[in-house]
Amino acid sequence: MAEAILRNIYRIKVRLPNSPLKLLNSYYIRNPGGRGLLIDTGFNHPDCRACLLAGLEELDVNMAETDVLLTHLHSDHTGLAPEIAVPGTRVYIGRGEIPWLYGQTRIDLWAADAAGLLRQGFSAEAVAESVQDAASRSMSPDIGFSAYLPIDAGDSFVCGDYTLEAVETPGHTPAHMCFRIESEKLMFTGDHVLFDITPNITNWVNADDSLGDYLDSLRKTARYDVKIALPGHREPGDYRARIKALLAHHEQRLAECFSIVKENPGFSAYDIAGKMTWSIRCNSWEDFPINQKWFAVGECQSHLRRLEKQGRIIASDDRVIRYRVKERRG
Ligand SMILES: [Zn+2]
């Protein structure tokens, strides 16, 4: 279950139920004689719990002597943090993520998400179904837990011989953090850079241009010399090459979105997403499972927003937002 990666650094593979992501990587850094660190946890779900607890036991982890670093607020990363924390455990996450994790602001975020889906062209029935189905809710960390401690860009965490530096990488979420160990040319990339799948970039209600932020973060993190890139899901890979490929992928997606808008003036994000190419195996857009539609429309919307910020398309102010190409004069 647990796998050694480098001296005192281990990976615990946490299986994700019913998720195309398949696997969450939880990383444990042992600190003989001092406090250890655990990065990310898995969904708040029995299958994930069994995997994580087995890994922690195998590695003989004492949670009272361990702090938890969360790369970002998504439930597959944060879900089990409140329950594995014992008195003495400190749970850290990017400062900007904290309000969205618990209490009323979390509930408000869910409501804003649902309202956003209607404006993107989902039917009221589809929104109700998606709310029912949402892993972000049913497998989320206990919303009564509020003891998160903030991480700011550049903060460092010393763990034995290693020093982890927090590298803020907004985009996938507004205050996503990667953690870098400069001495080993190592980066824990969270969901900022994944190798076997493309990180989902959706437009956040509290961010003006999530895809723009993400592309900036990719360019920023491309400058680091990283030999060992440890992602939040599945397997590691070539860091620089992957960043280059992700930048190219989004350029291509922007071009695809633009041509769909050009050919179909007045389409909503829902309609446009239905015309984009997706790797999912379904006969038609109508056959997409509701949560895959939710991801697809979110992804589409973040690209539409980028095109809008570039001055290439216009979004209407209707109850359902409709897009058209901006006419160039002169
Ligand atoms: Zn994520």
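**A charged pair and its surroundings**

Guide: Arg-95 has a relative accessibility of 45%, which makes it partly exposed, where buried means under 20% relative accessible area, exposed over 50%, and partly exposed in between (1.4 Å probe, protein chains only). This is a predicted model, in which local features need pLDDT of at least 70 and side-chain atom pairs count only at pLDDT 80 or more, while totals for chains, interfaces and linings use all residues. Residues are numbered from 1 along each chain as its sequence is written, and side-chain values use heavy atoms, with hydrogens and water left out.

The side chain of Arg-95 meets that of Asp-152 in a salt bridge, 2.9 Å from N to O, the term being used for a side-chain nitrogen of Lys or Arg within 4 Å of a carboxyl oxygen of Asp or Glu. The two residues are 57 apart and link distant parts of the chain, with Arg-95 in the loop between strand S6 (91-94) and helix H4 (103-119), and Asp-152 in the loop between strand S7 (148-151) and S8. Helices (H or I, at least four residues) and strands (E, at least two) are DSSP runs, numbered from the N terminus. Asp-152, at 30% relative accessible area, is also partly exposed.

The structure holds 19 salt bridges, and another of them joins Glu-182 to Arg-180 at 3.8 Å, N to O. Here Glu-182 is exposed at 56% relative accessibility, whereas Arg-180 is buried at 14%.
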